[in-house]
Amino acid sequence: MFLSQNLRYLRRKSKKSQQALANEASISRGAYSSYEEGRAEPRLQTLQRLAQIFEVQIDNLVTKNLEEESQDTPSKRLARYVAADSLRVLAITVDENNNENIEMVPEKAAAGYTKGYTDVQYLKDLPKYRLPFLPKDRTYRAFEITGDSMLPLQSGTIVIGEYVTDWHEVKDGQVCVIVLKNEGIVLKKVFNKIEEKGTLLLKSTNPQYDPYELEIAEVGEVWRFVAYIGKTLPQSDLDGLRTAVQRLEDRFQEFTVTNQ
């Protein structure tokens, strides 16, 4: 019987006094105090009223340790991961030669994708691409990213992701497209905390954005970054290109001077 300790726990959680709860239950403070201390047991009508006040079932109020069950432990998070993982389904489409398509998920379709990524009919309506430089024995999908959280990649860049079957294989620091079940699609550096906490730690390359942990049960799909298509070169690539051009110009000038 956990009634007395549950009453103490729920009262502390509600931040109410014994007198306030006694008033709500239409009993004396002394009576309520005796229930918390285990010196007496409430009548059925009073027990029903207390369960209503704390918004719990009578059976749970009496037979379960509600404080212990409220604690979110790594084992519980892993259990949620196993449940989510067992229901994971990958939908794909193929062309006339039975080759897998690379479906493109534009920004305006991101919200719909989080609800329709397991629906083959939904995928058939998405734009499709062929990228011959990618290995053919894997599954890929393209996503249009928005915002500036993953600089130097610019908003509007198309990111190509390789489907990750086993999320435990994601290595710390890998850049991945994460499809959330309820909150859209994000591109982040991922740090794997599945075994210890049942979460993924997501970080942006833009220091203005704080890292955050994501419950694994909230994840629908993980796609490992393999390539990108953009209208402009990222700034880091641009700097590298400028350096290379400058070196060529310097060598050309040296060659010209030497042969004059």
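**Pockets and aromatic rings**

The second largest pocket holds about 220 Å³ of space. The model is predicted, and local features need pLDDT of at least 70, side-chain atom pairs count only at pLDDT 80 or more, and totals for chains, interfaces and linings use all residues. Residues are numbered from 1 along each chain as its sequence is written, and side-chain values use heavy atoms, with hydrogens and water left out.

A pocket is an open set of points on a 1 Å grid over the protein atoms alone, where a 1.4 Å probe fits and protein lies on both sides within 12 Å along at least five of seven lines; its lining residues have an atom within 4 Å of a point. Volume is the space filled by probe spheres set on the points, which are joined across faces, edges and corners. Residues lining the second largest pocket include N99, E100, R130, L131 and Y140.

The largest pocket has a volume of about 280 Å³. Of the 16 residues that line this pocket, E144, I145, T146, I185 and V186 lie nearest its centre. Strands are DSSP runs of E with at least two residues, numbered from the N terminus. Strand β6 (184–193) and strand β3 (140–144) each supply at least two residues of this lining, and β6 gives the most, with five.

Aromatic rings of Phe, Tyr and Trp (its six-membered ring) pair if their centres lie within 6.5 Å. There are four aromatic pairs by this rule, and one aromatic cluster is formed by Y113, Y122, F143, Y163 and W223.

Terms used:
Helices (H or I, at least four residues) and strands (E, at least two) are DSSP runs, numbered from the N terminus. Rings of Phe, Tyr and Trp (its six-membered ring) pair if their centres lie within 6.5 Å; planes under 30 degrees apart count as stacked, over 60 as edge-to-face and the rest as tilted.
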